[in-house]
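Hi everyone, thanks for making the time. I'd like to walk you through one structure today, so please have a look at it first and then we'll talk it through together.

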Amino acid sequence: MIKITRLLIEIMNYLAAASVVAMMLLTSADVLLRFFKHPILGTYELVGLFGALTIAFALPATTLSKGHVAVDFMVEKLPTAAQKLCGVIANLLGLALFSLIAWQTFVYANILRSSGEVTLSLEMPFYPVVYAISVASLLVCIVLFLELVTVPKVSSI
Amino acid sequence: MSPCVIGLIGLAILILLLFARIPVGFAMAIVGFAGFVKLVNLDAAMSLLARDVFSTLSSYGLTVIPLFIFMGQVSFHAGISRRLYDTAYAFIGHRPGGLAMATVGACTAFGAICGSSPATAATMATVALPEMKRYNYSMELATGAVASGGSLGMLIPPSVVFIVYGIMTEQSIGKLFMAGILPGLLIASLFCLAITLSCRRNPALGPPGPKTSWQGRIQSLKGTGETLLLFILVMGGLFAGLFTPTEAGAIGAFCSIIIAVIGGNLSFAKLKLSLF
């Protein structure tokens, strides 16, 4: 379980990095080609979708490495047991939130697919990206869950 | 309960959650979601959750954030921060507290190509702290210089905070960038003044480093060329109207890679490090 999760996180992390590079190249090419009066059609919407993929795919790795921005200075003053309790609460709340997000984005993607909603100029369907967000959120849930049940093991992977 | 009371309760819960080290994003989403459930109903809140997540993640304006951070990472891995520090060091390292002032100076310059304060501080910490330790600087002064100098990364354009603020309040990001330059330089000089005064009162805080000859100083100036070029390309293009502030992130990242590769400072492995 842990191995598969780690592999999936790794793959998603690569996809996130690839999306950043894609955004960079696409925008730079668009700006350059604009000088020659040949902007790339749909850069605006493509970059937005790549941005969504970047953030969504980076979420599991960020969760694993505890990279989410949080306020430390109050909890640090508490005894260790209370600190652990705060950690568990954070984990449970995150789990609740991301299971909701995973479920609802899946529902939303189904709606988008059946209604056939597409982007404005390229007429690309939205739903694959929304499915991707759903899968990434599910992976966040798995990371949070594994952390909850096997505290020392997961933090060492 | 009136919406106003619910809002205030929500704020109180939010602050409580934040102090309990719940990640900021999680806490805001949870409180917002719960408030919407209370005010409207569960079904509406659930459907809003999916729509909001998607529309925020795919917001074009926000894509600039990862790109500017990428640009700062490339610059760091290409060794730009080290060269900036070396230049500042060559000019003022021999004064009392000079290394701390050099840190502030390098932070100011690095702020011109990096859009975030934590990134600037983290970058400078790896470069400047070991050096100040070597010359027996008081760690209070050394870490203080890095932490406060890092905050200049946010003031000196490009700045991720200005972009987010500009998008939220519909202000001109270009004007916000412009407005950050003078206060940034002013704060940097005030930091240097504070360092000088504290070191004059207690010389043990920051003993002077070795003096660099004028020849060495001129030579060290070469290290600032790439920063200057990158800053002019990004900010100049922005103010000349060649591209928008949102596009500037992508252009900046792209130019930083090109400049670093031409300078022979960026291998594929380093580029990979900047991405992850």
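Take B:Arg21: its relative accessible area is 27%, so B:Arg21 is partly exposed. Please keep in mind that this is a predicted model, and every value I quote is computed from it.

Let's get to know chain A. How many helices and strands does chain A have? The count is five helices and zero strands, so from the N terminus on the order of elements reads α-α-α-α-α. What about its dimensions? The C-alpha trace of chain A spans about 65 × 35 × 30 Å along its principal axes. The radius of gyration of chain A is 19 Å, whereas a compact globule of 157 residues would come out near 15 Å.

Inside chain A, buried residues account for 43% of the 157 residues. If you take the contacts in chain A with a separation of 6 or more, 73% of them are between residues 24 or more positions apart.

A:Ser134 sits in helix H4 of chain A, which covers residues 127-149. Is A:Ser134 buried or exposed? Its relative accessibility is 7%, and because that is under the 20% cut-off, A:Ser134 counts as buried. Leaving aside residues up to four places away in sequence, A:Ser134 touches A:Ala102, A:Thr105 and A:Phe106.

Now for the interface. The size of an interface is often given as the accessible area lost when the parts come together. For chain B and chain A, the buried area is about 4000 Å², and carbon and sulfur atoms give 82% of that. Which three residues supply more than any other three of the area that chain B buries against chain A? They are B:Arg21, B:Phe26 and B:Phe54, which together supply 19%. In terms of residues, the contact takes 37 from chain B and 49 from chain A.

On the polar side, six residue pairs are in polar contact across the interface of chain B and chain A, with both partners at pLDDT 80 or more. Several helices of chain B each supply at least two residues to the side that touches chain A, among them H1 (3-19), H2 (24-39) and H14 (245-262). The helix that gives the most to that side is H3(B), with eight residues. By class, the side of chain B that touches chain A has 30 nonpolar, three polar and four charged residues.

That brings me to the charges. Side chains of opposite charge can pair when their charged atoms come close. Over all chains, a search of the whole structure finds seven salt bridges, and the count between chain B and chain A is two.

The pair I'd show you to begin with is A:Arg34 and B:Glu247, whose side chains meet in a salt bridge at 3.0 Å, N to O. This pair crosses between chains, going from helix H1 (residues 2-35) of chain A to helix H14 of chain B. A:Arg34 counts as partly exposed because its relative accessibility is 31%, while B:Glu247, at 6%, counts as buried. What else is linked to them? A:Asp30 joins A:Arg34 and B:Glu247 in a network of salt bridges.

Next, back to B:Arg21. B:Arg21 forms a salt bridge with A:Asp72, with the closest N and O atoms 3.4 Å apart. B:Arg21 lies in the loop between H1 and H2 of chain B, and A:Asp72 lies in the loop between helix H2 (43-64) and helix H3 (80-115) of chain A, so this pair joins two chains. A:Asp72 is partly exposed, at a relative accessible area of 36%.

Finally, a pair within chain B: B:Arg83 forms a salt bridge with B:Glu226, and the closest N and O atoms are 2.5 Å apart. The two are 143 residues apart, with B:Arg83 in helix H5 (residues 80-92) and B:Glu226 in helix H13 (residues 225-239), so this pair links distant parts of the chain. B:Arg83 is partly exposed at 23% relative accessible area, whereas B:Glu226 is buried at 14%.

That's my tour, and I'm happy to go back to any of these residues with you.

Technical notes
Residues numbered from 1 in each chain as written. Chains lettered and ligands numbered in written order. Predicted model: local features only at pLDDT ≥ 70, side-chain atom pairs only at ≥ 80, totals over all residues. Heavy atoms only, no water. Contact = heavy atoms within 4.5 Å. Buried area = accessible area lost by both parts, 1.4 Å probe. Salt bridge = Lys/Arg side-chain N within 4 Å of Asp/Glu carboxyl O. Polar contact = N/O pair within 3.5 Å; in protein donor to acceptor, adjacent residues only side chain to side chain. Helix = DSSP H or I, 4+ residues; strand = E, 2+ residues; numbered from the N terminus. Nonpolar A, V, L, I, M, F, W, Y, C, P; charged D, E, K, R; others polar. Buried < 20%, exposed > 50% of the residue type's maximum accessible area, 1.4 Å probe, protein only. Rg over C-alpha atoms; globule rule 2.2 N^0.38 Å.
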